[in-house]
Every structure is written in structure tokens, then in C-alpha cells.
Amino acid sequence: MNLIYMGAGFVGACSAAVSADSGHNVLAYDINSDRISKLSSKDPAIINGCLHEEGLAELIIKYSNTLKFSTDHKLLTDSLETCDAVYMCLPTPEKPDGSSDLSAFKKATTDLAILMSKRNNKEQSKHIIIINKSTVPIRTIDLTKKIMKENGAENFGIASNPEFLVEGQAIYDSIHPTRVVIGAESEKDFKIIRKIYQRFYDSPNITYIEMNPYEAAATKLLANSALFAKIAYTYAVAGRACEVFPNMTYENIRKGLATDPRIGKWGLYNSLYAGGSCLIKDAQSLSYQLEKEGVNTDFLHQVLNANDYQLSHFIERAETEAGFSFNNKTIAVLGLSFKQDTNDIRHSGAIGVVKSLLGSNVKEIKAFDPVAMEDFKKLFNTDDNEINSKISYHKTPDEALKETDCLILCTDWPAFRTIAETAMKITKPPYLIMDGRRMLAHNYDELSESGYTIIAIGSPLIGKNFGEIK
Ligand SMILES: NC(=O)c1ccc[n+]([C@@H]2O[C@H](COP(=O)([O-])OP(=O)(O)OC[C@H]3O[C@@H](n4cnc5c(N)ncnc54)[C@H](O)[C@@H]3O)[C@@H](O)[C@H]2O)c1
């Protein structure tokens with residue numbers, strides 16, 4: 001089938017590549033010319049540097065005959081003549097009040113509607129389904145319909161196909177989704193979408209669910225808020241218990257919890273912050289929509305607050321427990337992406353850490369990440385020279401650790417598991433190690449015996465007097 005993707009970011013590019021792998025002809029259109037030229041480069045290193053997703057570069061290069069990336073409006077216009085479906089994969093970031101910023105979505109939908117209204121032979125032109133993959137407010141289907149009609153588009157259907165992929169494993173997840181959720185309004189559209197997703201519809205391993213578009217949009221927001229609530233429990237209850245009671249190792253507690261199938265494994269990793277482009281924004285959006293309908297959203301606010309508290313509590317422990325002031329110190333920050341296996345830094349814990357360190361007047365921040373330094377540099381490249389001069393970027397963790405007073409580990413890159421040995425070679429106690437991911441849990445005793453001060457998420461507060469049992 002002939003498919004168009006509007007937006008070639010993490011979701012658009014990965015889904016487009018997997019659609020090409022399913023045998024479809026795909027045009028991925030984006031307004032970001034830098035991104036499009038990198039994705040079209042046929043160079044795995046350049047593609048990876050742009051969107052670091054395992055397997056993405058290979059698929060893009062393998063299907064270069066049937067998968068095109070472009071900013072060309074003319075090509076988009078021509079492709080609409082034969083197109084079966086247009087996927088909307090636009091950013092929907094949060095506004096300060098928590099509502100979704102739909103400006104990119106509205107702009108792309110309006111552009112699309114205008115182009116569709118100009119199709120040759122309008123009356124007989126092909127029926128096109130506009131399939132939304134962006135995470136949007138529950139009633140966005142009505143908005144999409146309104147924009148299409150107001151701009152003269154005809155012969156279209158509107159559907160919702162929320163995306164559940166996990167960054168870092170987006171290609172795997174797109175080829176092996178746990179479920180495919182389709183919200184459409186007519187049997188005609190359900191049938192076309194079944195054809196697009198034949199490999200999933202026919203698969204005995206994938207649950208293919210059909211519902212209406214409002215339910216599909218809501219499913220995504222409700223799924224993400226349920227996942228976020230579980231993480232908040234880990235941070236605010238399970239992890240905290242291990243900080244305030246003696247002789248508790250978080251890994252043991254986690255095993256004890258995760259082996260109950262009703263609780264499950266997912267979300268029990270303790271960390272300094274739940275970042276990424278989705279959880280925070282989607283909880284805020286859901287909360288905003290429910291509040292507008294008069295619903296009490298204390299629960300969702302508690303989840304969001306638990307996440308924010310987790311980060312500030314972690315940073316404050318340097319001062320309150322180790323008596324360590326960041327003022328005028330040199331700090332190594334390892335890991336800038338919001339999680340391993342991605343270069344996505346949106347809402348990454350490292351951003352909060354670096355902002356907090358700058359606020360505490362550090363002398364220097366020595367940063368390292370295997371793939372996310374470029375975007376981080378752009379984010380902190382401000383007009384304020386003092387900020388720019390305080391953050392330096394390093395090619396290796398060893399280089400970042402040299403001549404520092406403290407290490408803060410922010411991302412769970414597997415390579416960081418051996419960082420304790422590197423730290424013991426390069427740094428000398430007294431030295432503070434703050435482990436925001438419990439990556440060095442198996443080294444805490446050895447590090448402490450060697451004179452290092454360890455502050456780890458979910459480890460007993462240093463110097464806490466547990467008191468006598470009565
Ligand atoms: N990233 C994820 O893990 C994930 C998972 C599930 C759902 N989602 C949702 O999917 C949507 C897209 O997320 P993403 O991470 O891919 O975002 P992204 O920022 O990586 O990509 C969005 C792309 O849209 C492009 N764009 C903006 N305006 C455009 C226009 N008018 N025409 C064409 N292209 C335009 C941007 O240039 C960008 O490349 C969001 O709603 C997000 O919440 C994301």
C-alpha cells in the first residue's frame with residue numbers, strides 16, 4: 001500500500017521503516033531539513049547520530065527503494081494522489097498549564113487538508129485515512145475532522161492508532177508490538193487498516209484491538225499514566241522504605257516484589273527521575289483534560305510530584321547526608337540521555353541535575369554520554385557565557401572523571417556498570433559518588449571500604465540513626 005508519514009521523528013521514522021519492512025511504499029515527510037538529510041544519507045553513523053535506535057539505520061538503508069525521506073512539498077502533493085493512509089506523527093509537547101501544545105499537529109493537519117482539497121479529480125479521488133499516531137487529547141478526532149472539513153478536504157476517514165513503542169527498542173517494538181490498537185469510525189476504514197497491518201492482524205502473538213477513536217486516544221493516555229503511577233510507587237514507597245529502614249538492599253526487595261505476577265517486573269527499577277518525552281507530558285495532559293471536566297486529579301498530581309521530589313531529594317542528599325556542598329566543585333555527570341540506548345534527552349534526569357548544579361554555583365560540570373552529547377550541548381548552549389563555560393563535554397568517562405570532586409551517574413548505560421573500577425583508578429577519596437541508577441550496587445561495599453562516600457537512590461541514608469527498637 002502507499003503510505004505517507006507526516007513527521008519523521010522517533011515515532012515517524014521508526015514506524016515508517018517498519019511499514020517499508022511490511023512491504024509498503026512509504027514517504028516520510030518532515031519540515032526539519034537537517035533531520036531529513038541525515039535520515040536520507042544512507043550512512044549508518046549519520047542516521048544513528050540523528051535518531052539512535054537499534055536497527056533503524058539498517059532498515060532505512062535496506063528499503064531505500066520503497067522508503068523515502070523528504071521535505072519536498074511537491075513530492076508530498078504528488079504522493080497524495082495514490083496514497084492509502086497518512087500517519088500523523090507530530091510532536092505534542094506540554095504547555096506550562098499541562099495542556100497539549102497541538103500547534104504542530106494543527107499546522108500539519110491544515111497543510112494536509114489543503115493539499116487533499118486540491119487533489120486532481122476531487123470527486124473520484126482516492127479515499128485516504130488520516131491515522132493519528134501522535135499522543136493527543138481524547139477529543140482530538142473532532143478537531144481533526146473540523147480542520148479537514150474547514151479546509152475543503154473530501155473523501156477521507158479519520159482513525160487513531162496510538163503508539164506504544166519504547167525508545168531504545170523502537171524497531172523491535174514496532175515489529176513485535178504487544179498489541180495494536182485501532183480506533184476508527186467505519187468498517188471501510190477498519191478493513192483498510194487491517195490490510196496495512198496484515199502481518200500483525202494475522203499474527204497469533206499480537207493482540208489486535210479495534211475500538212472507536214476516542215477510546216484509542218484515551219487508551220494511550222491511560223496506559224502511560226498507569227505505568228507512571230507504578231514508577232511513582234517504586235520511587236516514593238518501595239525505594240524510600242529502603243532508604244529509611246536499616247539493612248535493606250533495594251535489589252532484594254525488587255526481586256521479592258517482581259516475582260509476584262500481579263505486581264510484575266516493569267517499573268520497579270529505582271532511579272533518579274522518570275524522564276522521556278511521554279510519561280510526564282501525558283500525565284499532565286490527562287490531568288488537564290479530567291480537571292476541565294471537574295474530576296479531582298490529586299492522584300495524577302501526586303504521581304508527578306513524586307517524580308519531581310525523587311530528583312530534588314537525590315541531589316539534596318549530598319548536602320544533608322555527606323555534608324558535601326556543590327559550590328565551586330568540579331562534578332562529573334555521566335549519562336545525559338533519559339535512558340539507555342537512546343540519544344533522546346527530553347526530560348532526562350541529567351537536565352535537572354545539571355540545572356541544579358548550576359544553581360549551586362559549581363565550578364565545572366564535566367559531562368559524558370556515548371550518544372546524547374550533541375543534543376545536550378544544543379540545549380545548554382545559551383547566551384549566558386558563564387553557563388556555557390561551566391559545562392565541558394568529554395570523549396570518554398575516564399576523561400570526564402579526571403580532577404573532579406564528585407561523580408553523578410544519571411543514565412543506565414550498561415557500560416557504566418564497570419565505572420566503579422574506573423573511578424577508583426582516576427579519583428581519590430575523599431570523593432562523593434552519587435548513583436542515580438543503582439548501577440554500582442555490587443560495588444558499594446568495596447567503594448565505601450576504600451574511603452568513597454556513596455549516595456545511591458534507594459540506599460540507606462548515610463548517618464541515619466535508626467534508633468532502638470521498642
Ligand atoms: N518518542 C516516543 O517514545 C513516543 C512513543 C509513543 C508516542 N509518542 C508520541 O508520538 C508523537 C511524536 O513523538 P516523537 O518522539 O516522534 O517526536 P519527535 O519530536 O521526535 O518527531 C516529530 C517530528 O515532527 C516533525 N514536524 C513538526 N511539524 C511538522 C509538520 N508541520 N509537518 C511535518 N513534520 C513536522 C518535527 O520536525 C519532528 O521531526 C508525540 O505525540 C509523542 O507523544 C512518542
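Predicted model: local features only at pLDDT ≥ 70, side-chain atom pairs only at ≥ 80, totals over all residues.
Where is the place of Pro430?

View 1. Pro430 has its place in the loop between H19 and strand E13, which covers residues 432-435.

**View 2. Thr422 sits in helix H19.** This helix covers residues 419-426. Is Thr422 buried or exposed? Its relative accessibility is 15%, so Thr422 counts as buried, the cut-off being under 20%. Setting aside residues up to four places away in sequence, Thr422 touches Asp398 and Leu401. Follow the chain from Thr422 to Ala441 and you cover 19 residues in sequence, while the two C-alpha atoms are 15 Å apart in space.

**View 3. His347 and Glu403 each have a positive phi.** His347 is not a glycine, yet its phi is about 55°. Look for His347 in the loop between strand E9 (330-334) and helix H15 (349-359). With a relative accessible area of 26%, His347 is partly exposed. Glu403, also a residue other than glycine, has a phi near 55°. Its loop runs between helix H18 (397-401) and strand E12 (406-409). Glu403 counts as exposed, at 73% relative accessibility. For background, most residues other than glycine have a negative phi.

**View 4. Glu167 is a buried residue in a loop.** You will find Glu167 between strand E6 (156-160) and helix H8 (170-175). Its relative accessible area is 10%, so Glu167 is buried. Which residues is Glu167 in contact with, leaving aside neighbours within four places in sequence? They are Phe10, Glu53, Ser277, Phe338, Lys339, Thr342, Asp344 and Arg346.

**View 5. Helix H11 bends at Thr234.** H11 takes in residues 213-244, 32 residues in total. At 1.5 Å a residue, the helix should span 46 Å, and its end C-alpha atoms are 46 Å apart, which agrees. The bend at Thr234 is about 35°. At the start of H11, look for Asn212: one of its side-chain oxygens comes within 2.9 Å of the backbone nitrogen of Tyr214.

**View 6. Phe326 and Ile408 have the most contacts inside the largest nonpolar core.** This core has 66 residues. Helix H14 (residues 298-322) supplies the largest share of the core, 7 residues. Apart from it lies another core, with 44 residues that include Cys14, Val18, Leu165 and Tyr208. In soluble globular proteins, nonpolar side chains tend to be buried together. What does Ile408 touch, not counting residues up to four places away in sequence? Ile408 touches Phe314, Ile315, Phe326, Ile331, Ala332, Val333, Leu334, Val353, Leu357 and Met434.

**View 7. Domain 1 and domain 2 meet in a contact.** The domain assignment of the chain gives residues 2-211 to domain 1 and residues 224-456 to domain 2. Their C-alpha centres lie 33 Å apart. How many residues does the contact take from each domain? Domain 1 gives 19 residues and domain 2 gives 18 residues.

Conventions. Residues numbered from 1 in each chain as written. Heavy atoms only, no water. Helix = DSSP H or I, 4+ residues; strand = E, 2+ residues; numbered from the N terminus. Expected span 1.5 Å × (residues − 1). Bend = angle between axes of the 7 residues up to and from the residue. Polar contact = N/O pair within 3.5 Å; in protein donor to acceptor, adjacent residues only side chain to side chain. Core = buried A, V, L, I, M, F, W, Y, C linked by side-chain atoms within 4.5 Å. Buried < 20%, exposed > 50% of the residue type's maximum accessible area, 1.4 Å probe, protein only. Contact = heavy atoms within 4.5 Å. Domains from an automatic or database assignment.
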